[in-house]
Amino acid sequence: GTGNLAGVAIDPGVSAVVDAGAGIVAGRDLALEASADDDVSADAKGVSAGGIAIGVSLASTDVSPSVTAKLLSGAQAGGDVSLRALHNFDADGNALAKSARATAAASGGGVLSGSGAVANASAPATVTAALGGDIVEAGGDVTIESLSHDDASATAGGASYGVLAVGAGIANAAAGGDLQASIGSGASVTARRDFVVLSLADAQSSATANTSGGALVGGTGSDATAANTVDVSAHIDDGAHVTAANDVSLSSFSSNIAHANASGKAYGVAAGGITSATANLVNTDRAYTGSDASITAGADLTLSAQTTLDGTTSVTTRQRDLIVGTRSSAEGAQSSQTVRGAGSSIALSSALAACSVARSASSNSTTCHRPPTGAPAARPRRCRAGGGGTRKTPHRTRTRAPVPCRAGPCARNPRNS
């Protein structure tokens, strides 16, 4: 028999923190950023042959970073104040093509033959951007962002041939994470332009399992599971006060995608197999204010939580057999919330039209607009907000988020909404 094992596990901790009491004064911009980029792979492959041939290949990758950016002291800046925690994102806010990948392959041939391949890949991340409970004043924008791209891919393949042959392939992929962008309890933040709190997660997982066998008596088994768990929040904690001369945006966004594919082929006088594919998505998006928090905006105010889910499965069997079994499922659970805490208040310095409130299976959004005046009021408004909803086809669930509409042309980039 042969055994092959390949594994990579990393859990880097990256932090940029200014502790309470430091006191920062900047004539121009103040920027604090923590960033981590992770790209790993593991490959295990084996071949066995003989009268009795048994082969097993195991491949495993796990990427579990913790990225933290915190400003816990008071600060004054003549320009912008920026606080960012990034995982697999560049400085311009673009997701990087980095992932955790595991590939396992095993094959065998003999009078008595057995092969097994198991691939596990996981990519959970913890990303936090937090402004503490002190006084922060900016002559420009104030931006607090946590962004994470998490991608896991697992591929397992097994082949076995002989008088009595058994082959199995198991692939498990999991991606997701815990993201927070927040203003701490009791903080007082003033921006002379815009104020933005954004938490954005992009989670993708793919699991593929393939097996084949040929024998007088034989069996194959393929099992692929892609499972993502994402928890994203953007919030202003109890008793915090935010004032901006222009727009205020508090937004939580996530894209959660899982694909599972399994195939099995068995040939013989008595050949059977079980083929299974499962995609499971669990997603929570929250944008909220705590008790007794206050927000004052000179222009538009947006409180938004949005989710996009895409779970697909595919099962293929090709057998001349006495026993056949297949199973496929795609499941998703999500929660999108926008909440104003007890005693919290929202005020705008100019008279407002009524706030627009949108609720659907995929998003919650509350947007307040300052009425246009002068030349802007004379321009026609263009709005092509997409409708939300859920479309179901066999073994496929897709939930689409509506595009939030602002005064004027719709905003296509969530970071600009």
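## Basis of the model

Because the model is predicted, local features need pLDDT of at least 70 and side-chain atom pairs count only at pLDDT 80 or more, whereas totals for chains, interfaces and linings use all residues. Residues are numbered from 1 along each chain as its sequence is written, and side-chain values use heavy atoms, with hydrogens and water left out.

## The chain as a whole

The chain contains 1 helix and 25 strands, where helices (H or I, at least four residues) and strands (E, at least two) are DSSP runs numbered from the N terminus. Of its 417 residues, 48% are buried; buried means under 20% relative accessible area, exposed means over 50%, and partly exposed lies in between (1.4 Å probe, protein chains only).

## The nonpolar cores

A nonpolar core is a set of buried Ala, Val, Leu, Ile, Met, Phe, Trp, Tyr and Cys residues joined through side-chain atoms within 4.5 Å. The largest one has 80 residues, and those with the most contacts inside it are I144, I183, F195 and I236. Leaving aside neighbours within four places in sequence, I183 is in contact with several residues, including L131, I144, F195, H235 and I236. Apart from this core lies another, of 7 residues, among them F89, L147, L198 and F253.

## A buried serine

S199 belongs to strand 14, which covers residues 195-236. S199 counts as buried because its relative accessible area is 0%. Its side chain is joined to that of S146 by a polar contact of 2.9 Å, a term for a pair of N or O atoms within 3.5 Å; within protein, one must be able to donate a hydrogen and the other to accept it, and residues adjacent in sequence count only if both atoms are side-chain atoms. When residues up to four places away in sequence are not counted, S199 also touches L179, V232, S252 and F253, among others.

G13 lies in strand 2, which runs over residues 13-18, and G13 counts as exposed because its relative accessibility is 67%. Although G13 and P65 are 52 residues apart in sequence, they are 5.9 Å apart in space, C-alpha to C-alpha.

How values were computed:
Contact means heavy atoms within 4.5 Å.
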